[in-house]
Amino acid sequence: KEEKRLWDVFGYLADFRTWSVQDRIDPSLVRYVNALLLSRPDGLVSVEVDLWYRTEQQRRDQSVEKLRAITAEYQGEFVDVVDIPEINYQGVLLRLPGRVARQMIEGGDGLARLDDIMRIRPQSAFDGDIMDGPQVAPSLEQAAVPDTNTQCVAALLDGYPVLDHDALRGRVVVHEVDVTAAQVQVGHRIHGTAMASLVAHGDLRTSSDPLPSRIAVIPVLTGGGAVEGMPAGKLAIGVIYRALQALVRERQSETSALSRVVVVNHSICDTYAPFVRASSPWACLIDHFSHSNRLLFIVSAGNIKAPIPIKGLSSAQELIDMNPQERDALVIDSLRESSGTRGLLWPAETLNGLSIGALHFDDSPEGPDTEIDPFLDIEMISLGSALGLGLNRSVKPDLVESGGRGALSVSVNSDGAVQVHPSPSSEMGHKVARPGLTGESNRYGLSMGTSDAAALTTRSAVQIATM
């Protein structure tokens with residue numbers, strides 16, 4: 001009778017097979033490859049390959065050599081390899097010719113035939129939401145600068161900040177690992193400068209006192225392109241791993257400014273990697289370092305920029321002309337219906353860290369008449385904030401914090417359906433430090449998103465730790 005019950009389980013299976021090519025191709029890879037080849041049909045496509053982790057070093061080396069040989073066979077480039085024994089992870093970064101990438105997503109065996117491969121997915125990418133602003137912040141000269149002997153309580157894994165900015169001078173300690181100052185032009189140091197500004201001062205529209213302790217920054221993002229991103233030719237998880245190793249080493253030195261760091265701000269998510277069921281290697285890495293080194297990680301939930309469909313409208317103008325209260329209700333209902341496609345981005349599913357969502361809130365004035373505030377008089381989660389279930393159906397995000405207000409953009413897709421999405425505002429949002437276009441040290445901009453919410457949560461954590 002017990003055996004019969006066991007066999008009944010197989011009647012519920014939709015598909016029963018060995019791990020195969022269709023399992024190795026990440027669902028997001030198709031969209032990623034098509035988007036890249038649309039603009040560069042003959043270009044190289046960078047992909048990350050997760051290998052099945054073998055406990056024996058020899059077998060891990062053999063897997064890498066097999067992959068290297070197949071990559072050469074397809075005239076691709078073997079770029080980087082990372083081995084993280086603490087979380088049983090081995091990954092490789094490859095560049096494949098467009099034709100090979102196209103064949104792979106269309107069902108051809110190709111690279112995915114190698115049994116040592118667990119998953120092939122898009123190269124990790126990052127995107128932020130920071131606009132330039134003409135404002136000049138109130139003078140910060142009266143605020144006391146922390147003593148140079150002050151130990152850091154928080155560390156930021158982020159972009160390289162502008163150290164000589166009026167808002168950050170004397171308040172930031174940079175520890176270089178993979179990313180150095182020479183690699184990032186000052187004009188491209190946008191995200192790290194903004195996050196350090198938020199942690200140190202909060203929203204610069206307010207009169208909050210700056211933190212009494214300095215802030216450590218371990219740069220993991222470089223500039224040079226349209227947006228900041230991970231260093232070229234390096235796996236993102238490897239960059240984060242080496243940064244955390246360096247932090248742990250510095251905490252063991254009593255003379256280091258990082259010896260008392262207990263909070264780690266991680267306002268970075270993988271744009272191409274939504275969380276689906278299994279915990280990502282990136283989240284596992286954070287969980288490991290959190291547990292092993294008693295570190296509190298504060299992780300942004302991720303910004304979702306995909307449009308939200310609005311049903312029942314014949315034109316975009318109909319939504320624009322709608323009564324604000326009716327429009328708010330319609331947008332909220334549409335956001336609820338599309339919530340299944342707006343889940344967390346890696347590594348926000350972390351178990352030991354805090355995942356932070358963004359609220360549509362800040363201290364900025366009302367936006368201009370040319371912009372629509374999606375939630376004019378309602379306390380709501382930001383339109384672009386990721387939210388949803390985490391590992392084992394845990395409720396995420398863990399906390400929400402002010403993420404700055406953005407504008408509602410309305411458009412019509414190729415099928416004629418009305419859709420909305422969040423966009424940076426010209427006047428709403430958090431006021432943050434920003435690199436000067438011509439070397440100015442007092443330029444400021446506007447910022448919004450879950451990165452801001454995580455940075456402000458980090459600020460609160462430091463205030464609690466130093467009370």
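## Helix α6 and the residue after it

Just after helix α6, Gly 202 adopts a positive phi of about 75°. The model described here is predicted.

Helix α6 itself spans residues 191–201 and is mostly covered, with eleven of its eleven residues buried. Its buried residues run from His 191, Gly 192, Thr 193 and Ala 194 through Met 195, Ala 196, Ser 197 and Leu 198 to Val 199, Ala 200 and His 201.

## The four-stranded sheet

Four strands form an open sheet in the order β2-β3-β1-β4, and their pairing is antiparallel. At the edges stand β2 (77–84) and β4 (117–122), each of which pairs on one side only. From one strand to the next, the twist averages 20°.

Strand β1 (residues 44–51) is joined to β4 by five bridges in the antiparallel sense. Within this pairing, Val 49 has Ile 120 of β4 as its bridge partner.

Helix α3 (residues 27–39) lies across β1 and β4, and it runs at about 160° to β1. Helix α4 (residues 57–73) packs on the sheet and touches β1, β2, β3 (89–97) and β4. The direction of α4 makes about 165° with that of β2.

## The three-stranded sheet

A further open sheet consists of three strands in the order β11-β17-β16, again with antiparallel pairing. Both β11 (308–309) and β16 (407–412) stand at the edges with a single partner strand each, so one side of each is left without a neighbour in the sheet.

Strand β17 (residues 418–423) pairs with β16 in the antiparallel sense over six bridges. Across this pairing, Ser 411 stands opposite Gln 419 in β17.

## A nonpolar surface patch

Leu 6, Trp 7, Val 9, Phe 10, Leu 13 and Phe 16 together make a nonpolar surface patch of about 700 Å². One of these residues, Leu 13, is located in the loop between α1 (2–8) and α2 (21–24). Leu 13 is partly exposed, its relative accessible area being 41%.

Terms used:
Residues are numbered from 1 along each chain as its sequence is written. This is a predicted model: local features need pLDDT of at least 70, side-chain atom pairs count only at pLDDT 80 or more; totals for chains, interfaces and linings use all residues. Side-chain values use heavy atoms; hydrogens and water are left out. Buried means under 20% relative accessible area, exposed over 50%, partly exposed in between (1.4 Å probe, protein chains only). Helices (H or I, at least four residues) and strands (E, at least two) are DSSP runs, numbered from the N terminus. Two strands pair if DSSP finds at least two bridges between them. Patches are made of residues with over 30% relative accessible area and no salt bridge: like charges are joined within 9 Å, nonpolar side chains (Val, Leu, Ile, Met, Phe, Trp, Tyr) within 5 Å. Accessible areas come from the Shrake-Rupley method with a 1.4 Å probe; for residues, only the protein chains shown count as cover. A salt bridge is a side-chain nitrogen of Lys or Arg within 4 Å of a carboxyl oxygen of Asp or Glu. Axes are lines fitted to C-alpha atoms, for helices over the stretch in contact, and angles run from 0 to 180 degrees between N-to-C directions. Contact means heavy atoms within 4.5 Å.
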